[in-house]
Amino acid sequence: MKQLLPGIWQWSWFSEEKQLDFNGLFMLVGEHRVLVDPPPMASEDKLHIRKSGQLDYILLTNRDHERDAAACQAEFGCQVMVPEADAPQMTIKANKTYKDGELLPGGIWAIHLQDQKSPGESALFLQQGKGILILGDALIGKPPGSLSMLPAERYADPAKAREGLKRLLKYNFEALLAGDGASILTGAKQVLERTLLV
């Protein structure tokens, strides 16, 4: 588990099929301890989390990022929150659902993204430092230092999907933490602008 930013750590699980890292986040935000989109974790990662105190929540950004959330829920005895629009298509039993504009534990804002791969695809925004944007499947950090959309066949309408992502440009952020691929810790908004406004 490596520290990316103050109070935020990331661990990764390499997907042979996708040929990129699936990333999970462990965050100390406000008085809360939160995991985001947890892939499988090593025993030393679990130990790192346990040392910090009781884990409160697991936040999932979309139906396809259940990953190892059920195992983490059992391991740490915490609550799971998922996007309301994706909940019916998920196998995990969520404690709560969230929707667009909701303030989640730790001061994390939920941003629903229209016309993406799944109906509930959401980004998370943290007004910490110069701003932190957390993405699930909205964009992939590949190649490192850049962002790309999923393959066109993953969307009902790729043009609408791109348009739906432009909503993210309303937020001010320096770091973008990617659920898949490499995160961008500085100048991330400029990278997003270059990706979406071409």
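1. In α3 (158–165), the buried residues are A161, G164 and L165, where buried means under 20% relative accessible area, with over 50% counted as exposed and partly exposed in between, for a 1.4 Å probe and protein chains only. Because these residues cover an arc of only 100 degrees around the axis, they lie on the same side of α3; the arc is that of the directions from the helix axis to the C-beta atoms. What covers them includes α4, contact being heavy atoms within 4.5 Å. Helices (H or I, at least four residues) and strands (E, at least two) are DSSP runs, numbered from the N terminus.

2. The model is a predicted one, in which local features need pLDDT of at least 70 and side-chain atom pairs count only at pLDDT 80 or more, while totals for chains, interfaces and linings use all residues. Residues are numbered from 1 along each chain as its sequence is written, and side-chain values use heavy atoms, with hydrogens and water left out.

3. Turning to α4 (188–196), one finds A188, K189, V191, L192, T195 and L196 buried. They sit on the same side of α4, because the arc they cover around the axis is only 160 degrees. Among the elements that cover these buried residues are α3 and β12.

4. The largest nonpolar core has 27 residues, and those with the most contacts inside it are L133, L135, L165, L168, L176 and L192; such a core is a set of buried Ala, Val, Leu, Ile, Met, Phe, Trp, Tyr and Cys residues joined through side-chain atoms within 4.5 Å. At least two residues of this core come from each of β3, β10, β11, α3, β12 and α4, and α4 gives the most, with four. Leaving aside residues up to four places away in sequence, L168 touches I111, L113, A123, L133, L135, F173 and L192. Apart from this core lies another, of 21 residues, including L25, V34, M81 and I134.

5. A cavity here is a set of points, on a 1 Å grid over the protein atoms alone, where a 1.4 Å probe fits but cannot get out, and lining residues have an atom within 4 Å of a point. The lining consists of N23, L25, V36, D37, I134, L135, L177, A178 and G179, and β3, β11 and β12 each supply at least two of its residues.

How values were computed:
1 Å grid on protein atoms, 1.4 Å probe; cavity = no way out; pocket = protein on both sides within 12 Å on 5 of 7 lines; lining within 4 Å.
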